[in-house]
Amino acid sequence: FDHIRVCFDQIVVEEEPYKYREYTYKLLENFALWCRKYNLGCIFNLHNSVGSNCAIEEDVSLLESDELRERFVAFWVAFEKRFSHMPEIMFELQNEIRNTPTPEKWNSLYKKTIEELRKISKERQIIVGSTAWGSPYTLKDLEVLDDEYVYYTFHFYDPFEFTHQRG
């Protein structure tokens, strides 16, 4: 392997909406510096955002709430500003978007996020997953951007009984 994907939750980074913990940023920066030292790529993966947590059901969905979508975009813009001195870090916008009624809502949010990030950095490498828990079957629903620094990914869990043994 040549990259390490470090996963974190939005609530671990956010002290409160739109205010971020410097201590957590510093931990992530130290991790990225360690990767740099050993010639490894570093991926910052937002594993659980507010409103899209793969472990718990939440009252408000990221894709249904204007306020949570704004926080999501602001979260990544703050990351870009904080880590602009480290262009080698890749951003994975969201791990496993839950089932959504329409993929258009995720397309709209991820494109808006990238649009705002591009105002700061034209070359930040960004990873975008598909909906339905990152399913390969919903890759076809992702709108592909004309951006050489955006990569598309999926998670493959078939057969589920095998891939999630004892999970």
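Two strands count as paired when DSSP finds at least two bridges between them. With that criterion in mind, I turn to the model, which is a predicted one.

Let me begin with strand 6. Strand 5 and strand 6 run parallel and are joined by 2 bridges. Across this pairing, Phe91 stands opposite Ile126 of strand 6. Strand 6 also pairs with strand 7, again in the parallel sense, and here there are 4 bridges. Gly129 has Thr153, in strand 7, as its bridge partner.

Are the faces of strand 6 covered or open? Both are covered: Ile126 and Val128 are buried on one side, and Ile127 and Gly129 are buried on the other.

I now come to the helices. Helix 4 comprises residues 103-118. Its 16 residues reach 22 Å from the first C-alpha to the last, close to the 22 Å expected at 1.5 Å a residue. The buried residues of helix 4 include Trp106, Leu109, Tyr110, Thr113, Ile114 and Leu117. Against which elements do the buried residues of helix 4 pack? They pack against helix 3, helix 5, and strands 5, 6 and 7. As a general point, an α-helix has 3.6 residues a turn, so residues three or four places apart point the same way.

Helix 3 has 17 residues, which should span 24 Å at 1.5 Å a residue; its end C-alpha atoms are 24 Å apart, so the two values agree. Among the buried residues of helix 3 are Leu68, Phe72, Phe75, Trp76 and Phe79, together with Arg71, Glu80 and Arg82.

A search of the whole structure finds 1 cavity of 30 Å³ or more. The largest cavity has a volume of about 40 Å³. By class, the lining divides into 1 nonpolar, 7 polar and 2 charged residues.

Finally, I consider Pro136, which lies in the loop between helix 5 and strand 7. Why is Pro136 classed as partly exposed? Its relative accessible area is 22%, and the class applies because this value falls between the cut-offs of 20% for buried and 50% for exposed. Leaving aside residues up to four places away in sequence, Pro136 touches Ser130, Phe154, His155 and Phe156. Pro136 and Cys35, by contrast, are 101 residues apart in sequence and 29 Å apart in space, C-alpha to C-alpha.

Technical notes:
Residues numbered from 1 in each chain as written. Predicted model: local features only at pLDDT ≥ 70, side-chain atom pairs only at ≥ 80, totals over all residues. Heavy atoms only, no water. Expected span 1.5 Å × (residues − 1). Buried < 20%, exposed > 50% of the residue type's maximum accessible area, 1.4 Å probe, protein only. Contact = heavy atoms within 4.5 Å. 1 Å grid on protein atoms, 1.4 Å probe; cavity = no way out; pocket = protein on both sides within 12 Å on 5 of 7 lines; lining within 4 Å. Points joined across faces, edges and corners; volume = space filled by probe spheres on them. Nonpolar A, V, L, I, M, F, W, Y, C, P; charged D, E, K, R; others polar.
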